[in-house]
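Trainee: I have a new model open on my screen. Can we work through it together?

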Amino acid sequence: MPVPKASDDSVYLYCKGASASAKGFVSAGGFTVLEGSTISDHTVPSLETKGNTYFKLRNNLIKEGVIVDRAFTRDYEFNAPSAASAVILGHTSNDNVDWKTVDGTKLKEL
């Protein structure tokens, strides 16, 4: 299935962490992260236990070549903004707070 493309009225959101920086937008199937976005250089231990689904997803994306050298090699649609931010940040996250517009507006405020 093709990955959604941003439309003229798509609002770009950014997720930043210590060593991560990603850009994406809300899409029909959840949330699309754009090519070139980078993931954190580590995961916290609780991601493996509490966020096991996200931990596996992150490892699968690396194994499948969607993420190479910590960067997305192509646009990728996650089923939810929280899945995207957990993979990017390396820990479970509150997508409503971790995804923000360029001026700092949180996803939950859009």
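Trainee: Which backbone nitrogen does the side chain of serine 19 reach?

Mentor: Keep in mind that this is a predicted model. Serine 19 sits in the loop between S1 and strand S2 (21-27). Beyond its neighbours within four places in sequence, it is in contact with Thr38, Ile39, Ser40, Asp41 and Arg70. Its side chain comes to 2.9 Å from one backbone nitrogen, that of aspartate 41.

Trainee: Which element gives the most to the largest nonpolar core?

Mentor: That core has 19 residues, and Val33, Phe72, Phe78, Ile88 and Trp99 touch the most other members. Strand S1 (13-16), strand S3 (30-33) and helix H3 (81-89) each give two or more residues. The top giver, with five residues, is H3.

Trainee: Which residues does isoleucine 88 touch, leaving out those up to four places away in sequence?

Mentor: Isoleucine 88 is among the core members that touch the most others. Its partners are Cys15, Ala20, Ala22, Val33, Thr38, Ile39, Ser40, Arg58, Phe72 and Trp99.

Trainee: Are H2 and H3 roughly parallel or roughly perpendicular?

Mentor: Start with the axes of helix H2 (residues 52-63) and H3, which come within 9 Å and cross at roughly 70°. Angles of 65 to 115 degrees count as roughly perpendicular, so H2 and H3 are roughly perpendicular.

Trainee: Is the crossing of H2 and H3 left-handed or right-handed?

Mentor: Look at where they meet. Tyr54, Leu57, Arg58 and Leu61 in H2 meet Ser82, Ala83, Ala86, Val87, Ile88 and Leu89 in H3. The crossing of H2 and H3 is right-handed.

Definitions and conventions. Residues numbered from 1 in each chain as written. Predicted model: local features only at pLDDT ≥ 70, side-chain atom pairs only at ≥ 80, totals over all residues. Heavy atoms only, no water. Core = buried A, V, L, I, M, F, W, Y, C linked by side-chain atoms within 4.5 Å. Buried < 20%, exposed > 50% of the residue type's maximum accessible area, 1.4 Å probe, protein only. Helix = DSSP H or I, 4+ residues; strand = E, 2+ residues; numbered from the N terminus. Contact = heavy atoms within 4.5 Å. Polar contact = N/O pair within 3.5 Å; in protein donor to acceptor, adjacent residues only side chain to side chain. Axes fitted to C-alpha atoms, helices over the stretch in contact; angles between N-to-C directions. Parallel < 35°, antiparallel > 145°, perpendicular 65-115°, else oblique. Left-handed = near helix turned anticlockwise from the far one by under 90°.
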